[in-house]
Amino acid sequence: MRLAERLQRIKPSPSSMAGQHARQLRAQGRDIVSLTSGEPDFDTPEHIRAAAFRAMNAGQTRYTDVAGTVALREAIQAKFARENGLDYGIDEIIVSTGAKQIIFNAIMATVDTGDEVIVPAPYWVSYPDITLLANGTPVIVDTRAEDGFRLQPEALERAITPNTRWLILNGPNNPSGANYTKADLLALAEVLLRHPQVWILTDDIYEHLLYDGRVFHTLAQVAPALRARTLTLNGVSKAYAMTGWRIGYAGAPVALIKAMTKLQSQSTSNPSSVSQAAALAALTGPQDFIAQSRERFQERRDRVVEALNAIDGIRCASPEGAFYVFPACDALYGATLPDGSRLENSEQWVLHLLNAQNLAVLQGSAYGVDTHFRISFAASVAVLEEGCRRIAQARAQLG
């Protein structure tokens, strides 16, 4: 079979493949501890599951509007107004099969050959590849650990060209946990206002997972002048432990939403009707689950950061949000691995952890930063402590 050329531009999602590989190794009998998961380890709250059950029993198992049920879009409209101070009309909202489809729809609907998409590094692994599928050019802009891995205005200014079509801004960030304050966003907005050809996609999927009392802000909220060219992306997967339900949503100007809906009509059509009923219950029902899970995640974060910083050669900043730590491992480069070769990059370090200690984590190079590696703390305290113990043992095995 001859495969399409566009498929050769991309690679399988490293995070998805890492989780799958860990499951395969477990099936072979290996004692694998996997800290690769990009999903909460909690069950979906009972009232959300009950809503899905009721929807099925009521016969809500047929097609819906391509862009989502009116009831769910009204709930999203209320959510944007209540939590983000954003006023979107129903025709300015789309629901898709996960937040990833929102990104795919937006990029595929707007990017042509020669168009550039600015992606700050570290980045979620799918941003560059979705751009490549659309024949666009991902422009990777490095951020610095000393800046908290936040995109700086002067770096954004340097990256923008007449061909720039989009800036993708993710905060809290996967994998670094970096969050953008209101002042950070206003500084970036000053740059963007000078370049009217640039649209902005704000990926807010980790909005509710901010720690130490931090307050979340999104760009269209703090810079209303940019609302007319901003796509505000969110979903229920991380906040409500609903990754498998596959519901993402976004607000944007009508013209963009119509284009995305047109594309969706020829791919998946509507998202699952039952999942939409569950998402409606998530957005309109009790919200105490969010605060409870955030408290548990923060406790785990603190334990993992402390344990990692006790390991010689590992440096780990405390993430401001999301449920990942992004420790630096480059101080280990140059050491000798058990097979006699030299450790030179994050992929070798991650492979050493897997081979020597049966620990699965993700290399920083997959996120555009080869000096670091990613650990998910969406796991029990016992599992996290065992994972950190194995990292310490792997470090001790280096010459």
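**Figure 1. Overall fold of the predicted model.** Residues 24 or more positions apart account for 74% of the protein's contacts with a separation of 6 or more; contact means heavy atoms within 4.5 Å. This is a predicted model: local features need pLDDT of at least 70, side-chain atom pairs count only at pLDDT 80 or more, and totals for chains, interfaces and linings use all residues. Numbering runs from 1 along each chain as its sequence is written, and side-chain values use heavy atoms, with hydrogens and water left out. The secondary structure comprises 13 helices and 12 strands. Helices (H or I, at least four residues) and strands (E, at least two) are DSSP runs, numbered from the N terminus. The radius of gyration is 21 Å, close to the 21 Å from the globule rule for 399 residues, so the protein is as compact as a globular protein of that length. That radius is taken over C-alpha atoms, and the rule is 2.2 Å times the number of residues to the power 0.38. Along the principal axes, the C-alpha atoms fill a box of roughly 60 × 55 × 55 Å.

Figure 2. Of the 399 residues, 54% count as buried. Buried means under 20% relative accessible area, exposed over 50%, and partly exposed in between (1.4 Å probe, protein chains only). A nonpolar core is a set of buried Ala, Val, Leu, Ile, Met, Phe, Trp, Tyr and Cys residues joined through side-chain atoms within 4.5 Å. The largest such core has 75 residues. W166, L231, L308, F323, W349, F373 and I391 have the most contacts inside it. Apart from this core lies another, of 23 residues, with L86, A220, M242 and L283 among them. Beyond four places in sequence, the contacts of L231 include I102, W166, I200, A250 and M260.

**Figure 3. Loop residue S237.** S237 sits in the loop between β7 (230–235) and β8 (248–251). Its relative accessible area is 8%, so S237 is buried. Leaving aside neighbours within four places in sequence, S237 contacts P40, I205, M242, T243 and I247.

**Figure 4. Loop residue T44.** The loop between β1 (33–34) and α2 (46–57) holds T44. T44 counts as buried because its relative accessibility is 10%. Its contacts, neighbours within four places in sequence aside, are R49, Y240, A241, M242 and W245. T44 and F289 are 245 residues apart in sequence, yet 9.4 Å apart in space, C-alpha to C-alpha.

**Figure 5. Loop residue A378.** A378 belongs to the loop between β12 (373–376) and α13 (381–396). With a relative accessible area of 8%, A378 is buried. Not counting residues up to four places away in sequence, A378 touches E39, P40, D41, F297, R300 and F323. A378 and D41 are 337 residues apart in sequence; C-alpha to C-alpha, the two are 5.6 Å apart in space.

**Figure 6. Helix α5 and its cover.** Helix α5 spans residues 126–133 and is mostly covered, with 7 of its 8 residues buried. The buried ones are S126, Y127, P128, D129, I130, T131 and L133. Their cover includes the helix α4 (99–110). It also includes the strands β3 (116–121), β4 (137–142), β5 (164–170) and β6 (199–203). Just after α5, N135 takes a positive phi of about 70 degrees.
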